Amino acid sequence: MRQWSYAIYNLERSPAAGGRHCARHSLTLLISFSVHCQCYCGFHMLRLSYAAVIFLRYLKYGSEHAALYFSAPSPIISCPAPLAISSTHSKSSRLLNMDVFLLYSHVILPLGICYIVVYLVRSTLKLYHIPTVGRPFVPLLSSFSVLGSRRDHKDIIREGCRKYKNGIFKFAERHQWHIVVSDPRLIAEIIRAPENVLSFNEATAQSLQTKYTIGREVFENGYHKSVVRSPLTRNLGVLFPDMHDELVAAFADEIPARDKWTKVFLIQAIMQIVCRTSNRVFVGLPLGRDPAYLALNKRFTIEVFQIASFINKFPSILRPFVGMFTSNVQRSTAEAFEHLGGVIAERLTERENGSWPDKHNDLMQWLIDAAPGEKHRTPRALVARILTINMAAIHTTTMTSSQALCYLAAYPEYIQPLREEVEAVVRDNGWTKEAMDKLYKVDSFIKETQRVKGMSSASMMRKAVQNFTFSDGTFIPKGTIVSVAMEGIYKDDDIYPDAQTFRPFRFADMHDPDNGTGEQLSMVNTGINWLPFGHGKHACPGRFFASYEVKAMFAHLVMNYDMKMEKEGELAQDERSAQILFRKRQR
Ligand code: HEM
């Protein structure tokens, strides 16, 4: 930009300069404009606009005033330059108001519109080859097609999977296209694609707006994933009795077992039970039962999704501003610090002195031990990390358990066979991790609800951080969001026979005790046809912990309660608002 500006400047000062060469100058400027329109964006538009003002001044007042702009010592990029110059050159100063008006009316506005149109046309055309589902295809602005649409993503993805079985399609989100893949071959390619091509982290950063909801530090170094994957999973056997103890106490508080039917707002009760059970393992007692600490974790979890969804309503250029004003990171971390800061500081001192007689066995301690460097081993950094793990664990586990319980309340005839299984297994193994491994019917029931209902219709969201081409030639331009349609797989009769029917024991029925197929069929065993926890290198590291928690809750429930829907046999439309009737087990 500077180069062509100086080129024009030289041209301007050349003996040949003047009104008679106006046409030549105009042409040069126009060519430069069009070239730079293609190449520059955002900040560069300012340079472009500034140069354009010079051009307009040139046309209006001749070379003298226009040249003043170039005689400034400051580079042309700097926006205040015209103001500085105009204060030293009186003629120029008189023309300033006119310049500002010209700048906005003739330059910034039209160029801005041109830029947006060019950008949107180009990005839309790049995806033209992928069929569209949902609102009709509107060239230029994908966000237009989402306006006025009341259909949710689940509905659109269901339609896409019906229309393009084993294929690929796109639908319009507010500010971008979302590509959905249901072809198993292409799904395998998404799983194999490296992080620097199809990025899980970038997709998460965008969908959860992590910078403003979770904080930069946690996201920059995800060492907590290894802690969840390794010490947490390894210690499940040892910690299961604590988990069980906590969930029994939490159930007694949240769903008292009475002789008469009592209506319970399901999601609220389950979230509290999940939060308590998880935090018994994450931070131990007494903190794991502290109502204020639990409330903070639940609120943080909900806020992350709410704030991210609010920020994502704005175009990406405005998100940093909206994010700055809506961010909950400082407030939540400060509040969590009040609860956790003292305990963590104590443990850090113990660590320094090498003086812990009875080393703590909880997530907080494993994080302290695994922190890569002192920057991550401060109370504040550890507090943020514990909040984040709570966020990852609470929402997902609550939704999965609530969905399964809604199905059980709608089909209470399955309570008896489940009870029989739990009774037999617990009689032989007690309330242990080993017992949970043998609850094939319980596992199958939960897995089947994940299949027919599930938390979402698409999983494994990735952002193309480079252009990417599938083996069938489908081109995915850089910046596009891609995900996998679980709906298409789960409703495919070839993969799940009689796929439209809810058959809670379909996986348990396939279990062959002689061949030990239980593990392969378990809900935690991910694969190309089983994706609620993802699959491959980013598969959920917390799924083992979550599965023991959900199964233990389910087993405790069937052993101690009867349950049904208010309108018997009716399935709750939305587990987030479901109310279920519970009473103490009668038989
Ligand atoms: C039923 C409960 C859960 C479900 C359905 C679930 C589901 C998922 C899914 C779909 C992913 C993304 C996978 C991908 O895109 O490839 C994920 C990632 C993750 N989950 Fe879970 N999750 C659950 C419970 C948990 C729990 C209890 C924890 C922690 C204790 C946890 C921690 C994580 C973490 C840290 C990641 C990021 C993994 C990575 O970046 O590689 N999740 N989970």
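**Helix 19 and helix 20**

I looked up the contact first: Ile-344, Arg-347, Leu-348 and Arg-351 in helix 19 meet Met-364, Gln-365 and Ile-368 in helix 20. Contact here requires C-beta atoms, placed from the backbone, within 7 Å. I note that the residues of this contact divide into four nonpolar, one polar and two charged. Ala, Val, Leu, Ile, Met, Phe, Trp, Tyr, Cys and Pro count as nonpolar, Asp, Glu, Lys and Arg as charged, and the others, Gly among them, as polar.

The model is predicted: local features need pLDDT of at least 70 and side-chain atom pairs pLDDT 80 or more, while totals for chains, interfaces and linings use all residues. Residues are numbered from 1 along each chain as its sequence is written. Helices (H or I, at least four residues) and strands (E, at least two) are DSSP runs, numbered from the N terminus.

I then examined the geometry. Helix 19 (residues 329–353) and helix 20 (residues 363–370) pack at about 50°, with their axes 11 Å apart. That angle makes helix 19 oblique to helix 20. Angles under 35 degrees count as roughly parallel, over 145 as roughly antiparallel, 65 to 115 as roughly perpendicular, and the rest as oblique. Axes are lines fitted to C-alpha atoms, for helices over the stretch in contact, with angles from 0 to 180 degrees between N-to-C directions.

**Helix 24 and helix 28**

I found the axes of helix 24 (residues 440–452) and helix 28 coming within 10 Å and crossing at roughly 110°. Helix 24 is therefore roughly perpendicular to helix 28. Val-442, Asp-443 and Ile-446 in helix 24 meet Val-550, Lys-551, Phe-554 and Ala-555 in helix 28. The residues of this contact divide into five nonpolar, no polar and two charged.

**Ligand shell**

I listed 24 residues around the ligand, of which Ala-393, Thr-396, Gly-534, Cys-540 and Gly-542 come nearest. A residue is near if its C-beta atom, placed from the backbone, lies within 6 Å. Helix 21 gives the largest share of the shell, six residues. By class, I recorded 14 nonpolar, eight polar and two charged residues in the shell. Domain 2 (127–211 + 458–490) and domain 3 (221–455 + 502–584) both give residues to the shell, so it lies between them. The domain bounds come from an automatic or database domain assignment.

**Backbone**

I noted a cis peptide bond joining Leu-285 and Pro-286, with omega about 5°. Pro-286 is in the loop between helix 16 (266–282) and helix 17 (291–311).

How values were computed:
Two residues are in contact if their C-beta atoms, placed from the backbone, lie within 7 Å.
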